[in-house]
Amino acid sequence: MNILAADHLSKSYSDKPLFQDLSISLTKGEKVALIGANGCGKSTLLRILANRESADTGTSVIRKGTQLGYLEQDPVLDPELTVIDAILDKDHPVKGLLNEYELLIAKNDKDPKRMQELLNKIDNANAWSFEARIREVLSRLGLHDFDKKVKELSGGQKKRTALAQLLLDDLDLIILDEPTNHLDLDMIEWLEEYLVKLNRTVLLVSHDRYFVDQVCNAILELEDGKLFKYQGNYGYYLEKREERIEAEQSEIKKYRNLYRKELDWMRKQPRARGTKQKARVKAFDEIEDKAFSGKTESSKSITMQMDRLGSKIIEFENLCKSFDKRVLIKDFSHVFKKGEKVGIVGKNGAGKTTLLKMVTGEIKPDDGRIKKGETLNIGYFSQDGLKLNDEKLVIDVIRDITEYVDTGKGSYMNAKQFLSHFLFDGNKQFRKVGTLSGGEKKRLYLLSILVTNPNFLILDEPTNDLDIVTLNILEAFLDEYQGCLMMVTHDRYFMDRIVDHIFVFEDNGVIKDIHGNYTDYRNEAKDKAREQSNNGSQKDGPDDTKVSKPRKGLSFKEKYELEQIESELNVSESKAKELLALMDKGTDDHQQVHKWSEAYGELQRKIDQLTERWLILEEKKNQADQ
C-alpha cells in the first residue's frame with residue numbers, strides 16, 4: 001500500500017535545474033535512503049515531499065490520514081520552551097494527564113475519588129510507560145536536563161531534541177535529513193536499532209554507510225537529475241550500481257563507435273537534400289547525444305608529496321587536562337611512529353577535540369608535555385570550518401595557497417586539475433564560495449589543507465556533510481597517505497577503512513589504546529560484555545566459566561587490502577609477461593633490452609612482496625572459515 005506518491009517532480013534554482021520529471025512511491029513499512037552528491041538536490045526533494053517547499057512541476061500526495069514528521073538539518077524550535085515542552089505538544093493528552101497528576105501531588109490534594117479517576121485515565125492512556133519511554137529516548141540522545149530552555153541548547157542538542165520529538169510522536173511517515181549528525185557513536189548505534197524495530201515508513205538522507213546498510217531496505221540514488229531505485233540495502237546497491245554504470249558505459253562506447261562512422265559520412269556529404277539524407281542527419285544528432293551522455297567515473301586515487309617527516313614526530317608524556325573540575329585526560333602517554341593512523345572515539349564532551357587542540361597548541365595541558373619533531377607540518381581540519389569571503393571564486397581559494405600541487409616523483413597538478421579530482425568541475429571552479437552547499441564548502445576547506453602538503457593530518461569530524469562519492473575519494477587519498485593521521489569521526493565505515501588503532505575515551509579521563517579498527521573494538525567490547533553477563537548468571541566454579549576466544553578473521557581494512565593486492569597482482573603479472581615476451585623476441589637496441597630487464601626485475605620484486613602479504617591475509621582468512 002502506497003503511503004506517499006510523487007509524479008513528474010521538477011525543481012530549478014536561478015535557471016539551474018536540480019532535477020526533472022522525478023517519480024517516487026513509498027509503501028507502508030518501507031525504509032528508504034536517498035543518497036547522491038552534495039548539491040544534487042536531496043534536501044530540496046525531502047522538503048518537497050514533506051510539503052515544506054513547492055516543486056516547479058509535478059505533484060506529491062500523502063495518503064489521507066497519514067501522520068508525517070520531518071527532521072530538518074537545522075530544525076527550528078521555540079527558544080522559550082523547555083526540552084520536555086518542545087518534545088510534547090501542549091495539547092498532547094499524555095502530557096496533560098501527567099501535568100495534572102504532578103499538580104495534585106504538589107498541592108497535596110487528598111481527594112481520593114479525584115486521584116483514583118486520574119489514575120484510571122493515566123492507566124488507560126499508558127501514560128506511565130510513555131513517560132518511561134520519554135526518559136529513555138532523551139537519555140539515549142544525551143538530553144538529561146529536561147527543564148533546560150531551547151535557547152540555552154547547542155546546535156547539536158537542538159537537533160537531538162527535534163529528533164526525540166519525532167521518535168516519540170505516533171507517526172506513520174518519518175522523513176529524516178542527516179539524522180546521525182551531532183550524535184556520538186553510542187547514540188548512532190542506539191538509533192540504528194530503534195529504527196530497525198520501528199514499524200513505520202522511513203525516508204532518510206544520510207552519508208553514514210553502516211547506518212544506511214543496517215536500517216534501510218531500499219536505496220534511491222539521485223544522480224544528474226535522475227532517480228534510480230535499488231530494492232535492497234547499501235551493499236546490494238553498490239553491487240547493482242556498478243552493474244548499471246558498466247552497462248551504461250558499454251552502451252555509450254557502442255554509440256561512440258557508431259558516431260565516428262556517421263561523423264565521417266557527414267563530413268563527406270554535401271548539405272542533405274533528400275528525405276533519406278535528412279533522416280540520417282536527424283539520426284546522427286540522436287547518436288551524438290547518446291554518445292556523449294552520462295559520465296565516466298574515475299576510480300584513480302592521487303598521492304601528494306608531503307614534507308619530509310623526521311624520526312621524532314609527536315610524543316605525549318603524561319598528559320592531563322580538566323575543565324570545571326571534570327577530568328577529561330589523565331596521565332596519557334603515546335609516541336607516534338611514521339605512517340601511524342589513529343581514530344579517536346568517545347561520548348560527546350569526553351575530550352576528543354580537546355586532545356586534538358592540545359596537539360595544535362590551541363589548548364595547553366594542565367600537566368605533562370607534548371614533544372614535537374622539528375620537521376612536523378600539521379594540517380588541521382576543525383569542526384569550525386573555513387572562514388572565507390562568500391564573494392571569492394572557488395579556484396582562487398586554492399590559487400591563493402598554491403598554483404601547483406606537488407604529487408611526488410616530479411609530478412604536479414595545477415589548481416584546476418586538483419579541484420576536478422575532488423569533484424569541483426570546470427563550472428564549479430568559477431562559482432562564488434557563497435553559492436556552494438554546506439557539503440561543498442566542507443570539501444573545499446579540506447582541499448585547502450591538503451594542498452599545504454602536511455605530514456601530520458588532524459581531522460575533526462571530516463565526514464559530516466560530505467557525500468558518499470567524496471568520502472570514497474577521501475578514503476582512497478588517505479589509504480595512500482604516507483604521513484601520520486589523528487581523526488575524530490562518527491562515520492564507522494570511514495574509520496574502519498582508514499585507521500590502524502583507536503584511542504578510546506573512557507570515564508575519569510582514562511584513554512585506552514586499542515589495536516585494530518572500530519569494528520574490532522566494538523566486537524571485543526561486546527564479547528567482554530557477553531562474558532561478564534554469562535559469568536554473572538552462572539554458578540561459581542571453574543567448570544562454569546566461559547573464556548571468550550580471540551576474534552578471528554579479517555578486519556574491514558584487511559579485506560579491502562586483500563582485494564587491492566589481488567587486483568595489483570593481476571596487473572603486475574600481466575605486465576611481466578609482456579616484458580618477457582619482448583625480451584624473448586629480442587632487438588638490436590641494447591639500451592632498450594637493458595630497460596626491459598630493469599623493469600622486469602622491478603616487477604618481480606613487487607610481485608614477490610605482494611604475494612608474501614597475500615599469503616598472510618589468505619591464511620588469516622582461511623583460519624576464520626575453519
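## Ground rules

Contact here means heavy atoms within 4.5 Å. This is a predicted model, where local features need pLDDT of at least 70, side-chain atom pairs count only at pLDDT 80 or more, and totals for chains, interfaces and linings use all residues. Residues are numbered from 1 along each chain as its sequence is written, and side-chain values use heavy atoms, with hydrogens and water left out.

Let's start with Leu203, which belongs to strand E7. Helices (H or I, at least four residues) and strands (E, at least two) are DSSP runs, numbered from the N terminus. Leu203 has a relative accessible area of 1%, so it is buried; that word means under 20% relative accessible area, with exposed over 50% and partly exposed in between (1.4 Å probe, protein chains only).

Which residues does Leu203 touch? Leaving aside residues up to four places away in sequence, Leu203 is in contact with Leu26, Val32, Leu34, Leu46, Leu49, Ile174, Ile175 and Leu176. Leu203 and Lys31 also sit 6.0 Å apart, C-alpha to C-alpha, despite a separation of 172 residues in sequence.

Strand E6 (residues 173-177) has five of its five residues buried, so the rest of the structure largely encloses it. Leu173, Ile175 and Asp177 point one way from E6, while Ile174 and Leu176 point the other way.

Two strands count as paired if DSSP finds at least two bridges between them. E6 runs parallel to strand E5 (residues 68-71), with four bridges joining them, and Leu71 has Leu176 in E6 as its bridge partner. E6 is also parallel to strand E7 (residues 201-205), this time over five bridges; Ile175 is partnered there by Leu203. From E6 the chain passes through helix H7 (residues 185-197) to E7 in a right-handed β-α-β crossover. Right-handed means that, with the strands pointing away from the viewer, the path from the first strand over the helix to the second runs clockwise.

## An antiparallel sheet

There's also an open sheet of three strands, ordered E2-E1-E4, with antiparallel pairing. Its edge strands are E2 (16-27) and E4 (57-62), each pairing on one side only. Eight bridges connect strand E1 (residues 2-13) with E2, and Lys11 stands opposite Phe19 in E2.

Helix H1 (residues 42-49) packs on this sheet and touches E1, E2 and E4, with its direction at about 130 degrees to that of E1. For such angles, axes are lines fitted to C-alpha atoms, for helices over the stretch in contact, and angles run from 0 to 180 degrees between N-to-C directions.

## Rings

The whole structure holds 14 aromatic pairs. Rings of Phe, Tyr and Trp (its six-membered ring) pair if their centres lie within 6.5 Å; planes under 30 degrees apart count as stacked, over 60 as edge-to-face and the rest as tilted. One of the pairs is Tyr210 with Tyr493, edge-to-face at 5.3 Å centre to centre and 65 degrees between the planes. This pair links distant parts of the chain, 283 residues apart: Tyr210 is in helix H8 (residues 209-215) and Tyr493 in helix H17 (residues 492-498). Both Tyr210 and Tyr493 are buried.

Phe418 and Phe422 have ring centres 5.3 Å apart and planes at 55 degrees, so their pair is tilted; both residues are buried. Ring pairs also join Tyr210, Tyr230, Tyr234, Tyr237 and Tyr493 in a cluster. Finally, the charged end of Arg443 sits over the ring of Phe424, 4.7 Å from its centre. That label requires NZ of Lys or CZ of Arg within 6 Å of the ring centre and within 35 degrees of the ring normal.
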